[in-house]
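I opened my notebook to go through this structure entry by entry. Here is what I looked up.

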Amino acid sequence: MAKKQKERLDVYQRVTDEIIQAIEAGADKWEMPWHSPETAFRYPVNIESGKQYRGVNVLGLWASSYLQGFQEPVWGTFKQWGDKGLFVRKGEKATIGVFWKQLQPNDQADQPSTDDAEGQNGPRLVARAFPLFNAQQIEGYEPSPLPAPHFERVQRAEEFFAALGADIRHGGGKAYFRPEADYIQMPPFEAFFDPIAYYSTLAHEATHWSGHKSRLDRDLKGRFGSESYAAEELIAELGAAFIAADLELAPEPRPENAAYIQSWLKVLREDNRAIFTASSHAQRATDFMHSLQPSADLHPEPALLRSPFPAP
């Protein structure tokens, strides 16, 4: 039992340590792992199913890509790559993926809060690790071209935020969500350096908006205590990054992150499950905003990108 308990703790600690390392690597320029233009505007997807990873796996794979310079969003296990007739290069190091295993009734030791997983009211779950390798760690890899950046209003983004039905007001020089009056305040579109900065900021504030008591009723005081404000800001940053990835936009570094980075690091260093909880809340917020879209498609699956490997 002691060995199992240590393995469980190692999953949380190893994922948390890598994310802390990635945050520290970009702290001097306010650039978080989810701001990397080479990776962050594309969700990591699985080579076998073509489906997007979710929750803490998105953040963990972005962090690994940021630290190792991966631009391909395609990941798989050793076996999944092998089933495609492709092989991991010798000496390559795996990145931790996380899956959630339901605890049996007689296994009560070291139970995490269900808040750490994606299910909020479901069975008790515990994190388990599995190894993933990026396409750039595979023999025969060839880089795929990056999408061109957007330099004007993006119709898909305009439609996405309009469908929320949020009270979005424009004017002044600050962006914020006012919970007591339930509205989002944004500077004019023209005040931003480029359109992506505008949509990234709006996605951040919309994630705050999703947590209002009339919607997801996100109350972090019981979980984070005095650090609840910093945790909410981290959730908003992650939610903005998830939305930006869905809309195929590159999230922008935010200078105001400088005020929060040390608080985020403090939360993560003191609680190795905090990033699991924060990413779970961010995923929930993202799913909620997708549920308000006309199609109610929580996560439209992208076509798997052009294979980064030559045809056999």
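**Entry 1: two loop residues.** I looked up D217 and found it partly exposed, with a relative accessible area of 48%. My cut-offs, with a 1.4 Å probe and protein chains only: buried is under 20% relative accessible area, exposed is over 50%, and partly exposed is in between. D217 sits in the loop between α5 and α6 (221-224). Its phi is positive, about 50 degrees, although D217 is not a glycine. I then turned to E248, in the loop between α7 and α8. E248 also has a positive phi, near 60 degrees, and is a residue other than glycine. At 47% relative accessibility, E248 counts as partly exposed.

**Entry 2: ground rules.** I noted that this is a predicted model, where local features need pLDDT of at least 70 and side-chain atom pairs count only at pLDDT 80 or more, while totals for chains, interfaces and linings use all residues. Residues are numbered from 1 along each chain as its sequence is written, and side-chain values use heavy atoms, with hydrogens and water left out. Helices (H or I, at least four residues) and strands (E, at least two) are DSSP runs, numbered from the N terminus.

**Entry 3: the sheet.** In what order do the strands of the open sheet lie? I read β1-β2-β4-β3, four strands with mixed pairing. β1 (45-46) and β3 stand at the edges with a single partner strand each, so one side of each has no neighbour in the sheet. Two strands pair if DSSP finds at least two bridges between them. β2 (residues 74-76) and β4 run antiparallel and are joined by two bridges. There, G76 stands opposite F133 in β4. β3 (residues 95-102) and β4 are antiparallel too, with eight bridges. I checked two facing pairs: T95 stands opposite L132 in β4, and Q102 stands opposite L125 in β4. Is β4 (residues 125-134) mostly covered or mostly open? It is mostly covered, as seven of its 10 residues are buried.

**Entry 4: rings.** I found 12 aromatic pairs in the structure. One of them is F161 with Y199, a stacked pair at 6.5 Å centre to centre and 0 degrees between the planes. F161 lies in helix α4 (residues 155-163) and Y199 in helix α5 (residues 195-210), so the pair ties together parts that are 38 residues apart in sequence. The rule I used: rings of Phe, Tyr and Trp (its six-membered ring) pair if their centres lie within 6.5 Å; planes under 30 degrees apart are stacked, over 60 edge-to-face, and the rest tilted. F161 is buried at 5% relative accessible area. Y199 is buried at 2%. Ring pairs link F160, F161, F189, Y198 and Y199 into a cluster.

**Entry 5: charges over rings.** I counted a charge as over a ring if NZ of Lys or CZ of Arg is within 6 Å of the ring centre and within 35 degrees of the ring normal. R223 lies over the face of F224, 4.8 Å from the ring centre. The charged end of R273 sits over the ring of Y12, at 4.3 Å from its centre.

**Entry 6: N272.** N272 is in the loop between α8 (258-270) and α9 (274-291). Is N272 buried or exposed? It counts as buried, at 17% relative accessibility. Its side chain has a polar contact of 3.0 Å with the side chain of Q13. A polar contact is a pair of N or O atoms within 3.5 Å; within protein, one must be able to donate a hydrogen and the other to accept it, and residues adjacent in sequence count only if both atoms are side-chain atoms.

**Entry 7: helix α9.** I looked up its length: α9 has 18 residues and reaches 26 Å from first C-alpha to last, close to the 26 Å expected at 1.5 Å a residue. The expected span is 1.5 Å times one less than the number of residues. Of the 18 residues of α9, 17 are buried, so α9 is largely enclosed by the rest of the structure. R284 lies in helix α9 and is buried, with a relative accessible area of 15%. The side chains of R284 and S280 make a polar contact of 2.9 Å.
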